[in-house]
Amino acid sequence: MSSSSFRPKYGGGELPAGQGGAAPPSSGDAKGGATPRQPFIARHPSVLIFLVMLAAFTLGVTVLSEAFGTAILSTSFIKTLGKTLCLCLIAIAMDLVWGYCGILSLGHFAFFGLGGYMIGMWLMYERTKDIVTNSLANAPLPPTPDEIRDAIGTQIFGVVGGAEIPIIWYFADSLVAQLALVVIVPGILALVFGWLAFRSRVTGVYLSILTQAMTLALSLYLFQNDSGLRGNNGLSGLQNIPGLTDVPQSIISMWFFWASALALAFGYLLAAFVTSGKFGSVIRGIRDDEARVRFLGYNVEAYKLVVFALTAIIAAIAGALYYPQAGIINPAEIAPIASIYLAVWVAIGGRGRIYGAVIGAAFVSLLSSWFTGGGAPNINLGFYVIQWTDWWLVLLGISFVLVTLLAPQGIGGLFDKLVRKS
Amino acid sequence: MMFRVLAVLWLALCGSFVQALSLQEVLQANQAAVEKASRKTVDAVLSDLVTAAAPGTQTFIEKWADRDVWMRKEDKLFFFVETDDKKTYTLLDIETGAPISEAQKRDLKQLKPNSGVRSVLASYLVQFKLMDPEPRRRAQALQSIERDPDESHYAPLKASIEAEDYPALKERKERLVRLLAIRFEPDEATRIAAIESFRGNLSVEARAALNPIVETQTVFGVPENANIARILRYDQGDIDQTTALRLASAAGAIMPQPSLPERKAALEANIVDGVVGGVPLHQLDRQAARDAAYEALAKAGAVPDWQAAQSEQDALAEMEFAVVYTEPSAAVTEAAEATLASINQSVGLYQALDLGLDALSLASIFFLAAIGLAITFGVMGVINMAHGEFIMMGAYTGYVVQLFVPNYTASLLIALPLAFAVTFGAGVAMERLVIRWLYDRPLETLLATFGISIALQQIAKNIFGTQARPLTAPGWLDGAWVMNDIVSISYIRIAIFVLGVVFFCLLLFILKRTRLGLEVRAVTQNPRMASSMGINPDRINMLTFGIGSGIAGIAGVAIGLYAKVTSEMGSDYIVQSFMTVVVGGVGNIWGTLLGAGLIGSLQKGIEWLNPSNTLAAQTYMILFIILFIQFRPRGIIALKGRAAGD
Amino acid sequence: MSMLLEVSGVSVSFDGFKAINNLSFQIGKAELRAIIGPNGAGKTTFMDIITGKTRPDEGRVIYGDRSVSLLKMSESRIAQAGIGRKFQRPTVFEAQTVRENLSMALRNKRGPFDVLMYKRNAEGAARLEAIAEEIGLTDQLIRQAGELSHGQKQWLEIGMLLAQDPRLLLVDEPAAGMTPEEREHTTEILTNAAKTRAVVVVEHDMEFIRRLDCKVTVLHEGAVLAEGSLDHVTSNPEVIDVYLGR
């Protein structure tokens, strides 16, 4: 009678146990309680494998970089790699919230963008301050703080026809405060939105549409000139770090690459920690049968909220590392389409596995820049020349359909099969 | 005097005067007055001209006013001229325009009436035109007065009413007289009556005539004998500091203070060996230090005196300012204000109506865009992210048809069913190839259809390019249905509304009255039970999906008619369509209707509150919807009971 | 004997259909009770009301020593208060191991941060082993729940129920699809559990109910038709009418 209500929302047993990688299931209570507690890493060898590979990759890139002297990899390519690491980090967040907790959020790029905006405000403000102070140094009278502030306001907001510095820039002169805001603003937005959405038991596609609406609302809001964040001009010049104008970009790009790698490592560890053990068990339970978890006495809404907010914060941190490497952020970055692409990466990589998300994000985003950057050779069909800059999206769209249909486990699924066979 | 002339004019036109003097003869009789016309003498000349009513009089007055009349010095006759080289002139007869002879420039004198004379001439011309025997010409004259009313038109216009035998023109003249009376009538009572006759009138002209009367300016102090609208006090916050300062200092009531930039410039000008007013330069990065330096300079008399801002405030506090009407008569301004208030009230009323119509047409677009989505979502629980691209496909189908069929009406008639067929086919293909494998995985359907959406969008971009393509509406859909100056709605929007209504009724009929509808409803409510009763859910799913997509195609043609056709047009509508479905509730046409109505009117309403910013309107609308979901998570019309299956 | 759960005057209707009609029901602290009734009698809706899934239109549901009303509580709060439920179709987390399933159900703090920081301990492990022993799944602990047989899934679900250590167990058709031996084992588990807590079993199978040997409540059209021993109710002519459909 009530069976229809408890149909698994998620295609039943098709998803893997997903213990933060290919590790054997080990949560719960050790048999007889006699087994000595092993360190976390030892219980999750895949985490170790990943960290070692990431370290090796970082080292390799460092050695080949311009900053090191060999200059086999250009600075712009290092930036691309650094950005890719950030995308891998947000993909992990997406995997946590979707692959593990079953919330197909189409809004995580909004948090990513907000993180970028928060750090971008400091970068832009301080850099403009430097420029303004320099130019005012030659004035007959030394400038007053008010004059400096006015000049900064004109410099930053002249492009949207303003000169006043909006109230939301109140903390923009403090790096510490803006770093805190990177976490606080997206975190609070996620908490408020999540609380509203989960409280009213919006699930499934409804929830996806709602998150998409949130993203759209945010990006439309930021597109306005009076949003206080320079409308569609966005924030620019973010690659210049205030106070470090003498340091060449090749070095700065290396620092950001390392920081991204470090953040990714921590993100991976955190995700592995969260998804293993009982918490992981509960959120996977929520993904597969939310009502059942509720009847076990778990407050499903609270769990969803924790996961949603936590992943929003991870996404924001990824964004705060990404945009200084990209140099510019504007509201188009937050458009709903970006968050959908994020879901595409995770699906192609294989959701429900943390490394799957990393593989998907790295693979698809690098492939995408290869194809759209004109790196891929055109195919001459005789009557028509396939130019990949035009046809890449078609290929991506179709391959996405094929992955969904034929390999719902994504690349990670193939990977698992190989590991199991060997 | 003017009226005397007009009365004569009237008689002349009636033809009761028969005296065959030629134009030249009349002019020669007043030769001196014509040659050296002045404001005093010209009336007599004109009076004679009118009395004579010789042919060509009107043309002559026109040319005279335009300084195109020349006099031959030897016989003092008047001619029009033509010239090729500015030396030799061909003289033309003033009655017939026929060439008479040639003359040298030095033998001729050009008549140059001064501006006073010219304005008298112009007002006579108005009389001529307004009383022209040809009604069409009279209408033209009226039109030119409407376009650019002038005081000189008022009297002739008023005088011409009585003789007007065309009711339509008479009405128009009367209305125009009232409009002119608002501005030019010297008698106050008549003027007020004219003003009040426009109560509740919506025309732009009425407002244009009334607004100058209530024009005001703000002055310092309260002048006596002025028509004062209201009194402002600075300490009541009625007037801002900058304006108050400007007015008060202009009136000499307050000493103008040097502004901040002025003081800074003064400081800069008085730097002596790195010290200003006794303060070292490097300390001047604080406003307080700068103020001290300036005061020191002022004490030394090097710069204008300056008191701190507080004293300005104190001085202003006691001051009164007045908003004064430029129109001196209080009765007139009062009547104008009252009339304008009543006009604004009706304007508001009609604006609300216009807004309502706007909302309705937006709602019908949303309804058309969303209904296909609602059907597939309701029946199959499938969100089709490529729905927007089906809309786009429909629009491009319309565009391609127009390439082959140049007749817009015919092409539209072909495009509508063809768009349905194309998108129906695409929908069925998609259902067969992709969606049916994913029925138990709704989230993955969402993603797979999204993949299709990006591929379709890019393919359209590759085929049709990125620039917008036109989908031209047939001529009979051009233009708008105009109710008055405020309410108007374009025929295309009416057509879309009709299309929306047609589809609503059609779908309602199919669902409630046909076998297919019965089966669809059965599958919606309980697919397993339906299939055990011999309904083939596969076929139903395929058909529903096809129909839903087909309607999207038709919506695409409709939307393409008033918006541009681009490869991205689908994504412009998809989120609104989702909102419509979510707000309306799934699986119910009425729900979609209500959802579209709510979202359409909401969007228009917010745009009305904040007209400059449509982006903000959309933002707030989405926020509203997120909150709305809090209270009705299943939409306006929700399935109840256990069938809803949370 | 004071009552653990008192349901009084409860009614609920869906789109005009009265699923529960002025129903009253009581159960003691350590009691086994069977509920029978034809399809559509309101058995599942009755459980939905107690567990907070469905809100009744009227009536009271009072629970526990402090006589709290369940009507204002969320599903998870009701479960935490000690009411466990087994569903008609076995609903275990098929993508997780038997151990994970049981561990999730074990009586512990349920808050997200408590769970995130949860450390395995010997006491918990011992309880888990004991429950696995009782439901006969000791050897299956590391298997995916999806790989279990139908009967094993039923037991796992009962095991998850026991792991919650509830004061009231609501068990919907525990014996469906079981072999006779499996049924015997199930009966054993249930009667054992009823020694220390209240157990409500909804079942169609008369043979199974006879084996439970307990008080029986017969539901019909959303109301209690008869109550008493199985022999008593089966001899009630009204009950016979309802079952035979006359």
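Which side chain does the side chain of C:Arg143 make a polar contact with? The partner is the side chain of C:Gln140, at 2.8 Å. A polar contact here is a pair of N or O atoms within 3.5 Å; within protein, one must be able to donate a hydrogen and the other to accept it, and residues adjacent in sequence count only if both atoms are side-chain atoms.

Before going on, a word on the model. It is predicted, so local features need pLDDT of at least 70 and side-chain atom pairs count only at pLDDT 80 or more, while totals for chains, interfaces and linings use all residues. Residues are numbered from 1 along each chain as its sequence is written, chains are lettered from A in the order in which they are written, and side-chain values use heavy atoms, leaving out hydrogens and water.

Helices are DSSP runs of H or I with at least four residues, numbered from the N terminus.

Leaving aside residues up to four places away in sequence, C:Arg143 touches C:Gln96, C:Thr97, C:Val98 and C:Leu148, where contact means heavy atoms within 4.5 Å. The C-alpha atoms of C:Arg143 and C:Glu100 are separated by 9.7 Å, although these residues are 43 residues apart along the chain.

A:Ile72 belongs to a nonpolar surface patch with A:Leu59, A:Val63, A:Leu64 and A:Phe68, and together they have about 480 Å² of accessible area.

**Where chain B meets chain A**

This contact takes 53 residues from chain B and 58 residues from chain A. About 5000 Å² is buried between them, with carbon and sulfur atoms giving 71%; buried area is the accessible area (1.4 Å probe) that two parts lose on being put together, summed over both. B:Leu443, B:Leu447 and B:Gln630 supply 13% of the area that chain B buries against chain A, more than any other three residues.

The interface also has three salt bridges, each a side-chain nitrogen of Lys or Arg within 4 Å of a carboxyl oxygen of Asp or Glu. A:Glu147 and B:Arg290 meet in a salt bridge at 2.7 Å, N to O. Six residue pairs are in polar contact between chain B and chain A, both at pLDDT 80 or more. On the side of chain B that touches chain A, the largest share, 14 residues, comes from α19(B).

Conventions:
Patches are made of residues with over 30% relative accessible area and no salt bridge: like charges are joined within 9 Å, nonpolar side chains (Val, Leu, Ile, Met, Phe, Trp, Tyr) within 5 Å. Accessible areas come from the Shrake-Rupley method with a 1.4 Å probe; for residues, only the protein chains shown count as cover. Helices (H or I, at least four residues) and strands (E, at least two) are DSSP runs, numbered from the N terminus.
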